[in-house]
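Thanks for making time this morning.

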Amino acid sequence: MRLAFSIAMRFLSSSKTQTLLIVMGIAIGVSVQVFISSLIQGLQKDLVDTTIGSSSQITVSSSENNRVEDWQGIISEIASLDLQQN
């Protein structure tokens with residue numbers, strides 16, 4: 001390990017311009033990777049919010065008179081089913 005480190009240090013110190021280009025290339029590559037990763041995560045979150053965020057997960061409707069009788073009971077029953085699953 002020590003031999004490999006000394007060879008690497010000798011190589012890096014012998015050619016300063018090449019070392020600078022290598023370091024800059026690695027820095028640019030890492031920053032592009034971080035940028036693309038952040039962009040993908042932001043787009044994914046925005047896509048989920050756009051498609052699912054504004055719509056309801058459950059819709060309760062009635063076939064008679066467009067009114068749902070005892071809607072509070074239906075909501076409490078759905079809530080209790082959700083708690084049983086978790």
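**One residue and its surroundings**

Let me begin with T19, which lies in helix α2, where a helix is a DSSP run of H or I with at least four residues, numbered from the N terminus. Please keep in mind that this is a predicted model, in which local features need pLDDT of at least 70 and side-chain atom pairs count only at pLDDT 80 or more, while totals for chains, interfaces and linings use all residues. Residues are numbered from 1 along each chain as its sequence is written, and side-chain values use heavy atoms, with hydrogens and water left out.

T19 is buried, with a relative accessible area of 16%, buried meaning under 20% with a 1.4 Å probe and protein chains only. Its side chain reaches the backbone oxygen of S15 at 2.8 Å, and, leaving aside residues up to four places away in sequence, T19 touches F11 and L12, a contact being heavy atoms within 4.5 Å.

F11, L12, S13 and S14 of α1 meet K16, Q18, T19 and I22 of α2.

Stepping back, the protein chain has three helices and zero strands, and of its 86 residues, 1% count as buried.

How values were computed:
Helices (H or I, at least four residues) and strands (E, at least two) are DSSP runs, numbered from the N terminus. Buried means under 20% relative accessible area, exposed over 50%, partly exposed in between (1.4 Å probe, protein chains only). A polar contact is a pair of N or O atoms within 3.5 Å; within protein, one must be able to donate a hydrogen and the other to accept it, and residues adjacent in sequence count only if both atoms are side-chain atoms.
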